[in-house]
Amino acid sequence: MTATSSNSDTFTTLAECDAKTLRALYESGRASPVEATRAALERIERFNGEVNAFCHVAHEGALSAARDSEARWQRGEPLGPLDGIPASMKDLSEVAGMPVRDGSLTTNEGICDHDGPPAQFLRQAGAILLGKTTTPEFGWKATTDSRVTGITRNPWNTDLTPGGSSGGAAVAAALNMGVLHQGGDSGGSIRIPAAFTGVFGFKSTFGWVPQWPPSTMASLSHIGPITRTVDDAIAMLNVIGRYHGHDYFSVPGQPGDWGEQCDEAGRLDGLKIAFCPALGTAARDDEISHCVGHAAHRLETLGAQVDRIEPEVESSLETYRILWATASATQVADMTPHQKELLDPGLLEIAEWGRAFSAVDLLRAQTTRTRLNRHMDHFLDSYDLILTPSVPIAAFEVGHNVPPGSGMRDWMEWTPFSYPFNLTQQPAASVPCGFTAAGLPIGLQMVGARFDDARVLRACRTYMNAFPPRFPERLNESRA
């Protein structure tokens, strides 16, 4: 690698490096944070017009921060392992010097004057904040499009959705538009786009990665990384996964090293996994079920004990729908009639559903949620991990909130494996495990007990190291 060359090919090569490789290059002087940042920015310039992953690119700010990082490395005084590593933030997060549009015409282009906890921690660690990634309006749905930023597209086939709501972050990871990408997940918004784009996405135990200000339904909302490798996710979690006093829901107890259970043996001996291909009542696609079943067998070859079993849990769809719809109603309650006219019609519709629920409905949903949490806690007394598909379908056409022709009324009906674990606040990850016959990525979900994040990361890392995923080599050119 001629890391000091200034040609575009070298930048593309640098852009393909993970955080560990970049650190080694910086330390040896074979490459610099400025070159790596330019490489990431070149990828954004090259692909963003086609996929719309970034809604704001902080070109000059990123290069300025990279020059500061370069000087620290030259002095032998890096701030930490993420110094000079290119990263992105979801547009629901507050970042000093960047706008916070939330994918909504009800917001303005004003520049934020402070960092939320994830951006603060990343900046303090020397990470280079490249810009903001796209999200649907206020992150309300599981696809990524908005009246502000337009449609975000899947790099495997640009006619299709990358999922959401962290769709921009997942596309950025798939196309090496930076190394570390922050996502948010209140019902699958990290895991769904990770599955649809073939990258790794992880939502931590609730409260272990702080956020501020809180989301409208704060008890469902998790922050986490979307990356190409588990090691990159661990490196990011070691920085952002710390207690922060500004977040009322932030709790201490995080591991000193989120990868503490990982080793180089490449084995999962002694791990007991519950393989739940339907998770009770969830409908599933035969092609995806076959692929996920094959992944379960692969885990057995790595030493894990995998039992096919379904937890006896009642459907949580209506429970989640009540909580989500009432949160949406709260989101828009104080808006003016003019602001409501600017909203995504789907968000306004679900907010109207929420207005129809009573306080009794809401409290009953909370009670049902408590029963689910207790049941899952007890279920994981017997198992270390739960294994399911991440999403029971493959990516579908852009411009739709549900698969065309499905007859579904909202995104929750096609994401039955993700939102239950927001209700229970457990750590959960999506790992790429194969492709459909049409060449679309399939995700495998691994779920652990609350506060057992390190075990989930260990299993994900072992699987992905043994069965490395492949990533899109170029964009689909068929779209007219």
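**Exercise 1.** Which ring does the charged end of Arg228 sit over in this predicted model?

*Solution.* Start at the charged end of Arg228. It sits over the ring of Phe471. The distance to the ring centre is 3.9 Å. Now take Arg470. Its charged end sits over the ring of Phe435, 4.0 Å from the centre.

**Exercise 2.** Classify the aromatic pair formed by Trp208 and Phe451: stacked, tilted or edge-to-face?

*Solution.* The structure holds 15 aromatic pairs, and Trp208 with Phe451 is one of them. Step one: the ring centres lie 5.5 Å apart. Pairing needs centres within 6.5 Å. Step two: the angle between the planes is 55°. Stacked needs under 30 degrees, edge-to-face over 60. The pair is therefore tilted.

**Exercise 3.** Why does the pair of Trp208 and Phe451 tie together parts that are apart in sequence?

*Solution.* Locate Trp208: the loop between β7 (200-203) and β8 (222-227). Locate Phe451: the loop between β13 (441-448) and α15 (453-466). These parts are 243 residues apart in sequence, so the pair ties them together. Trp208 has 4% relative accessibility and counts as buried. Phe451 has 45% and is partly exposed.

**Exercise 4.** How are the ring planes of Tyr463 and Phe467 set, and is each residue buried or partly exposed?

*Solution.* The ring centres are 5.2 Å apart. The planes meet at 50°, so this pair is tilted. Tyr463 has a relative accessible area of 0%: buried. Phe467 has 22%: partly exposed.

Conventions:
Residues are numbered from 1 along each chain as its sequence is written. This is a predicted model: local features need pLDDT of at least 70, side-chain atom pairs count only at pLDDT 80 or more; totals for chains, interfaces and linings use all residues. Side-chain values use heavy atoms; hydrogens and water are left out. Rings of Phe, Tyr and Trp (its six-membered ring) pair if their centres lie within 6.5 Å; planes under 30 degrees apart count as stacked, over 60 as edge-to-face and the rest as tilted. Helices (H or I, at least four residues) and strands (E, at least two) are DSSP runs, numbered from the N terminus. Buried means under 20% relative accessible area, exposed over 50%, partly exposed in between (1.4 Å probe, protein chains only). A charge sits over a ring if NZ of Lys or CZ of Arg is within 6 Å of the ring centre and within 35 degrees of the ring normal.
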